[in-house]
Amino acid sequence: LGAVRRAGVSRKLEELRAVPPPPQPKPAIRVLTELGALQPTERWRLTDGESTESFRVVVGPAVRLGRGSFEEFGNHLDLRPTRREAAGDSTMLTLAQTLSRAGHLELRVGPDGLEAFCLGTHGVSVDGVALNRGERAALRDGGECSLAQGAAVFSYRLLAGGDGAPTTVELRFSAGIGAGRRAYWVISALPAELIADDLGAAVDLTPTPQGWQVTAKGDGVCLGEGPLPPGSTSLWAPEVPLVIAEGRTIVRA
């Protein structure tokens, strides 16, 4: 090629390299909006040997975090300190009062994906960005949120399904009110291994408008006194213990 043509080809190649690739469309988020028999907010208790741990499971298109009950606010994680946490702890009571005045933070499915929306008068911090009342921020794959000037601090982690769309958000409280607690916001599915590392090898837990379904994947699984053969599926009623193995049970309330 002549020098002029070589220069033209080089220029065209540089132009092609400068064009950014077209953005990949985000997978559509499947959301459980018709809950039917599902309770939007439940407390689950996992007993493993002699230890028992409780955590919250919230199902639906949004979850609110603050001070108050489900009866007051709907899909809600009540961050009031327990009597044990508040007993003789003036700092905890002060944090509770601050949180009560500050309002709420809502995590929800927005038009562009998962987002945090500030409902509190004291503001919140999402991944280091301060939000005032009425402002929002997109959630990343994982990060940290602070409510009411640090009255409650939690980390979040998005769990995706096979198509890449988020199905569950894991919340773990690290400071302030509720430190040490955990909760799960279930958008469409709850991977059992989130509750305990090896639980996914034993059962599948599926939220449906008819209620929570349990599918046994191995031997030794029972609902109450009734065994579930491998491959079988049954509705899981509240207060009925799901026995995964001897000494390991989960109860919903």
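User: What makes strand E20 largely enclosed by the rest of the structure?

Analyst: The model is a predicted one. Buried means under 20% relative accessible area. Four of the five residues in strand E20 (residues 248–252) are buried, so the strand is largely enclosed by the rest of the structure.

User: Which strands pair with E20, and how do you know that they pair?

Analyst: Two strands count as paired if there are at least two bridges between them. Strand E19 (residues 242–245) runs antiparallel to E20 and is joined to it by three bridges, with Val 243 opposite Thr 249. In the hairpin of E19 and E20, two residues lie between the strands, and Gly 247 has a positive phi near 85 degrees.

User: How many bridges link E16 to E19, and which residue is the partner of Cys 222?

Analyst: Strand E16 (residues 222–223) pairs with E19 over two bridges, in the antiparallel sense. With at least two required, this pair qualifies. The bridge partner of Cys 222 in E19 is Val 243.

User: Why are E8 and E17 called edge strands?

Analyst: The sheet they belong to is open and has 12 strands, in the order E8-E7-E10-E11-E12-E13-E2-E1-E20-E19-E16-E17, with mixed pairing. E8 and strand E17 (226–227) each have a single partner strand, so one side of each has no neighbour in the sheet.

User: What is the order of the three-strand sheet, and which of its strands stand at the edges?

Analyst: The order of that open sheet is E14-E15-E18, and its pairing is antiparallel. Strand E14 (203–208) and strand E18 (233–235) are at the edges, because each has a single partner strand. From one strand to the next, the twist averages 25 degrees. Strand E15 (residues 211–216) pairs with E18 over three bridges, and Thr 215 has Thr 233 as its bridge partner in E18.

User: Why is Asp 127 called buried, and what does its side chain contact?

Analyst: The relative accessibility of Asp 127 is 16%. The cut-off for buried is under 20%, so Asp 127 counts as buried. It sits in the loop between strand E7 (124–126) and strand E8 (129–131). Its side chain makes a polar contact with the side chain of Tyr 156 at 2.6 Å, and the limit for such a contact is 3.5 Å. Leaving out residues up to four places away in sequence, Asp 127 also touches others, including Ala 138, Arg 140 and Glu 144.

User: Is Glu 14 buried, exposed or partly exposed, and how do you know?

Analyst: Glu 14 has 46% relative accessibility, so it counts as partly exposed. Glu 14 is part of helix H1 (residues 3–18). Its C-alpha atom is separated by 41 Å from that of Leu 131, which is 117 residues away along the chain.

User: What makes Gln 149 and Glu 239 exposed, and what is said of their phi angles?

Analyst: Exposed means over 50%. Gln 149 has 68% relative accessibility, so it counts as exposed; Glu 239 has a relative accessible area of 52%, so it is exposed too. Most residues other than glycine have a negative phi. Gln 149 has a positive phi of about 60 degrees, and Glu 239 has a positive phi of about 70 degrees. Gln 149 is in the loop between strand E10 (142–147) and E11, while Glu 239 is in the loop between E18 and E19.

User: Which residues have the most contacts inside the largest nonpolar core?

Analyst: They are Leu 65, Leu 107, Leu 147, Phe 154 and Leu 171, in a core of 33 residues. Strand E11 (residues 152–160) gives the most to this core, with four residues. A second, separate core has 30 residues, among them Leu 38, Leu 194, Leu 205 and Ile 244.

User: Why is the protein chain called more spread out than a compact globule?

Analyst: The chain has four helices and 20 strands. Its radius of gyration is 23 Å, well over the 18 Å that the globule rule gives for 253 residues, so the chain is more spread out than a compact globule. Along the principal axes, its C-alpha atoms fill a box of roughly 85 × 50 × 30 Å. Of the 253 residues, 43% count as buried.

Methods. Residues numbered from 1 in each chain as written. Predicted model: local features only at pLDDT ≥ 70, side-chain atom pairs only at ≥ 80, totals over all residues. Heavy atoms only, no water. Core = buried A, V, L, I, M, F, W, Y, C linked by side-chain atoms within 4.5 Å. Buried < 20%, exposed > 50% of the residue type's maximum accessible area, 1.4 Å probe, protein only. Polar contact = N/O pair within 3.5 Å; in protein donor to acceptor, adjacent residues only side chain to side chain. Contact = heavy atoms within 4.5 Å. Axes fitted to C-alpha atoms, helices over the stretch in contact; angles between N-to-C directions. Rg over C-alpha atoms; globule rule 2.2 N^0.38 Å.
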